[in-house]
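Hi,

Here is the structure I said I would pass on. Have a look at it first, and then read my notes below.

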Amino acid sequence: MVPHFYRKKHERKGNNMDSKGAEKPITKKVAIIQPFANTYVSHRKFSNLITPLKAFTGSNIFVSTTTLHLATLLKKIGCQVRIYNDITEEIDPAHVSEDIVLITIVTSSARRGYEIARLFRDRRVIIGGVHASILPHEALHHADQVVVGECERVLPDLIAGRNKERIIDIKPPADLDEVPHIDYSYLKVPPKIISLQTSRGCPFNCSYCSVSRIFGRRYRFRSPGNVLSELLNYREKYGEIRKIDLRPDADFTCNVERAKEILRRMISEGIIPKSIVANARLEAYKDRELLSLMSQLNFTICIGIESINQNALDEYNKKQRAKDIDEAIRVFHDHNIKVYGYFIFGADCDEPGTLKQYADFINKSDLDIFTVTVLTPYPGTALHNRLVSQRRIFEFNWDYYDSFHVTFKPARMSAYEMQKVFNDFYLETFSLKSCLRPKLLFDIDSLKNQLFISLMTKILNKSFRRYEESLKIQAAEHKRLSWKLGSVDIHSS
Ligand code: SF4
């Protein structure tokens, strides 16, 4: 029987009901294909190295929570589902027996997703995901149907073929407690990390982020009881919970009372993993009770620091004070909470020397883990709209929209210069030698994380350098043409 959460009672009617008034199972065979950006797929030969490495770090990152969630939903309505993972296996239509192919894309994997869709012209292809939700008409060139936003409420009608709209855009579920818990049986080995989405949406509206555009500015969340029941079921099935990843939530602590209640109940149920990783905003450091609960549960808190320059934070509409950052990190550390800092490079006030300032800050504040990414104008964001109107985006190949490639003309340096200092910074900061930092030697999880980034940096460095070189050639070409034609050189600062 199809579970009721998909539709309200008055919406359930017609020949999809059995004689007892229950919805009939939809016995279709469905393939879910998770494409990866071409930049990474071209390194599939390294998957032999990556797969054991991910197993070593205990992560299921190559099967996303979205994919597992989709597989769970389909199984609930009666479908037979198989997941195909583009990074670890060659997608060959001859070896895909399913009649319906679902492809979920983010911006960096969109082109690869379309490439895969073309391989399945003889099947029904449905595309969804963040990128398809922002640019459904683009995705429709490659699919029979496109789903915009959250798919739960439309899935049975879509798969059964009752909904024939080409672009399907319906309201997301208001009550997330009705969404089923993830079924991990699709993974070849039981997961070492349980990955949970406990909320959707974000009331903030940072200029580079599409979360509020996709999931709305209303913070919708699962109740503490519902989250706990998922954890307890998991423990019953797979044994002790060793690690929890709450990063599918844009901000776990947005409703701080709910977050505290979840943590309190975990402690009272004896669910004390070796580590919990969660996204939160900087302000989380102000709630002492929250800090104490996090401390008891071995938290690593991932904070979007983004920049240490107030002008950049204001440009990002981050609603965060640069002067609070030092104190926040210190307070988290005082409570034995590890801090994972995210930084962005490329604001209009940023210069090549900004990365050196980040490096000094990271050393001084003793951040446990950190990532620096290139500001990327993802479609659907305010940043994208601004840079398009200023004619500053020069690269529309979505393969490069992965937060590691410069795709727009920065204000205070050339695109080539920005890419070069960024590549140099990564190679130096994440050298294998960097894994010998004394702090890491006593923290095995952070060490594994650093080791993974170091190896990936080494593997990908060649292709990043090739992109850097292409920017240099383009800049030289523009200079030559602008000298000849008297036009403006978009690549020089
Ligand atoms: S960056 Fe974080 S705080 Fe800002 S809109 Fe996105 S999810 Fe919300």
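Setting aside its neighbours within four places in sequence, Gln 310 is in contact (heavy atoms within 4.5 Å) with Gln 320, Arg 321 and Ala 322. Gln 310 and Ala 322 are twelve residues apart in sequence, and their C-alpha atoms are 5.3 Å apart in space. Gln 310 belongs to helix H12, residues 310–315. How exposed is Gln 310? Its relative accessibility is 29%, so it counts as partly exposed. For that scale, buried means under 20% relative accessible area, exposed means over 50%, and partly exposed is in between, with a 1.4 Å probe and protein chains only.

Before you go further, a word on what you are looking at: this is a predicted model, in which local features need pLDDT of at least 70 and side-chain atom pairs count only at pLDDT 80 or more, while totals for chains, interfaces and linings use all residues. Residues are numbered from 1 along each chain as its sequence is written, and side-chain values use heavy atoms, with hydrogens and water left out.

Now the overall picture. The chain has 18 helices and 14 strands; these are DSSP runs numbered from the N terminus, with helices being H or I of at least four residues and strands E of at least two. Of the 493 residues in the chain, 56% are buried. Among contacts in the chain with a separation of 6 or more, 69% are between residues 24 or more positions apart.

Helix H3 covers residues 65–76. (The expected span is 1.5 Å times one less than the number of residues.) Nine of the twelve residues of H3 are buried, so the helix is largely enclosed by the rest of the structure. The buried ones are Thr 65, Thr 67, Leu 68, His 69, Leu 70, Ala 71, Thr 72, Leu 73 and Leu 74. They pack against several elements, including strand S1 (29–34), strand S2 (80–85) and helix H7 (155–160). After H3 comes Gly 78, with a positive phi near 110°.

Which residues of H14 are buried? They are Thr 354, Leu 355, Tyr 358, Phe 361, Ile 362 and Ser 365. These cover an arc of only 120° around the axis, which puts them on the same side of H14; the arc is taken from the directions from the helix axis to the C-beta atoms. On the face turned away from that buried side, you will find the exposed residues Lys 356, Asn 363 and Lys 364. The cover over the buried residues of H14 includes strand S12 (299–306), helix H13 (325–334) and helix H16 (415–429). Asp 366 follows H14, and its phi is positive, near 60°.

Helix H11 (residues 288–296) is worth a look too. Its buried residues are Leu 290, Leu 291, Leu 293 and Met 294. Seen down the axis of H11, they fall within an arc of 165°, so they line one face of the helix. H10, S12 and H13 are among what covers them.

On a 1 Å grid over the protein atoms alone, a cavity is a set of points where a 1.4 Å probe fits but cannot get out, and a pocket is an open set with protein on both sides within 12 Å along at least five of seven lines; lining residues have an atom within 4 Å of a point. Grid points are joined across faces, edges and corners, and a volume is the space filled by probe spheres set on the points.

The second largest pocket has a volume of about 420 Å³. Of its 18 lining residues, the closest to its centre are Ala 359, Asn 363, Phe 425, Glu 428 and Thr 429. H14 gives the most to this lining, with six residues.

There are two cavities of 30 Å³ or more, and the second largest cavity holds about 50 Å³ of space. H10 (256–268) and H9 (224–238) each supply at least two residues of its lining, and H10 gives the most, with three.

Cheers
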